[in-house]
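Here is a friendly briefing for anyone meeting this structure for the first time. Take a look at the sequence and the model, then read on.

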Amino acid sequence: MIYCTGDTHGNQSKWMEQIEPVLAPGDMLIVSGDFGIGFWNGPYWSEEGFFDHISQQKFSVLFADGNHENFDRLESYPVEMWNGGRVHKIRHNLIHLMRGEVYDMEGKAVFVFGGGHSFDRYMRQEHVSWWAREMPSEEEYRNGERNLRRINDKVDYIITHTAPSESVYYLSTIQKLGIKNDGAEEFPLTGFLDSVQKRTAYQRWYFGHFHADLELWRNQTAIFSSVRELTSGKIVRRWQFSEG
């Protein structure tokens with residue numbers, strides 16, 4: 001079974017108490033950005049110890065990058081091919097899905113595009129808690145366009161960290177969420193995702209970033225405090241924000 005979840009932010013307690021109990025041998029879990037590379041030191045293990053724990057499991061953990069990753073560390077891992085697309089392999093079953101790549105997962109085509117803007121940038125220090133690589137390069141945008149053209153702009157699922165700009169605006173109109181539509185710094189990415197939305201046939205699109213769980217228009221789902229089946233969108237586990 002393939003599942004997806006939202007930002008994990010290097011939270012070992014959230015992982016052990018909420019996410020890992022869902023997973024069985026042979027399962028895949030896709031994290032839609034802000035996995036937390038560089039921030040997994042916690043109550044159970046050091047970061048390397050946590051990665052070793054994952055490597056001993058019989059499921060696979062796949063993740064798009066978000067804006068809260070240590071990109072110096074992430075990009076130190078060698079680039080390999082996995083299921084039709086380029087990846088960084090952290091461990092044999094802990095894999096970073098790179099921007100603009102398309103992967104074959106159990107016969108389904110999955111397009112992945114990570115990245116995002118840190119709205120708390122002013123609180124962060126470069127190469128300590130913030131990296132300019134959080135936003136994609138022009139080559140990464142072109143790579144995504146090339147890969148979509150190659151498969152005639154048709155995929156089964158899309159996983160991103162942030163959302164198309166039209167969807168960000170839609171989220172900002174839901175007052176209880178408190179999401180602001182003021183991300184000018186992020187617009188090159190959200191605008192690109194708008195073009196992906198308009199040109200690409202897909203069944204479901206999942207994104208994180210906004211710390212919300214919500215079904216949107218256009219078969220898009222914001223995901224954070226839940227684990228969902230990728231194909232059906234069914235919630236298989238949900239928890240309160242305070243629990244994760």
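The chain has six helices and 14 strands; both are DSSP runs numbered from the N terminus, helices being H or I with at least four residues and strands being E with at least two. This is a predicted model, in which local features need pLDDT of at least 70, side-chain atom pairs count only at pLDDT 80 or more, and totals for chains, interfaces and linings use all residues. Residues are numbered from 1 along each chain as its sequence is written, and side-chain values use heavy atoms, with hydrogens and water left out.

**Overall shape**

- The C-alpha trace spans about 40 × 40 × 35 Å along its principal axes.
- A compact globule of 244 residues would have a radius of gyration near 18 Å, and the chain, with 16 Å, agrees with that; the radius is taken over C-alpha atoms, and the globule rule is 2.2 Å times the number of residues to the power 0.38.
- Of the 244 residues in the chain, 57% are buried, meaning under 20% relative accessible area with a 1.4 Å probe, protein chains only.
- Among contacts between residues at least 6 apart in sequence, 68% join residues at least 24 apart; contact means heavy atoms within 4.5 Å.

- Strands β8 (residues 108-113) and β9 (residues 157-160) run parallel and are joined by four bridges; Val112 has Ile159 in β9 as its bridge partner.

**Two packed helices**

- Helix α4 (residues 138-150) packs against helix α6 (residues 187-199) at an angle of about 5 degrees, with the axes 11 Å apart; axes are lines fitted to C-alpha atoms, for helices over the stretch in contact, and angles run from 0 to 180 degrees between N-to-C directions.
- α4 and α6 are therefore roughly parallel to each other, a term for angles under 35 degrees.
- Tyr141, Glu145, Leu148 and Arg149 of α4 make the contact with Pro188, Leu189, Phe192, Val196 and Arg199 of α6.

**A hairpin**

- Strand β13 (residues 226-229) and strand β14 (residues 235-238) run antiparallel, joined by three bridges; Arg228 has Ile235 in β14 as its bridge partner.
- Five residues lie between β13 and β14 in this hairpin, and Gly233 in the turn has a positive phi of about 80 degrees.

Terms used:
Parallel < 35°, antiparallel > 145°, perpendicular 65-115°, else oblique. Pairing = 2+ DSSP bridges. Buried < 20%, exposed > 50% of the residue type's maximum accessible area, 1.4 Å probe, protein only.
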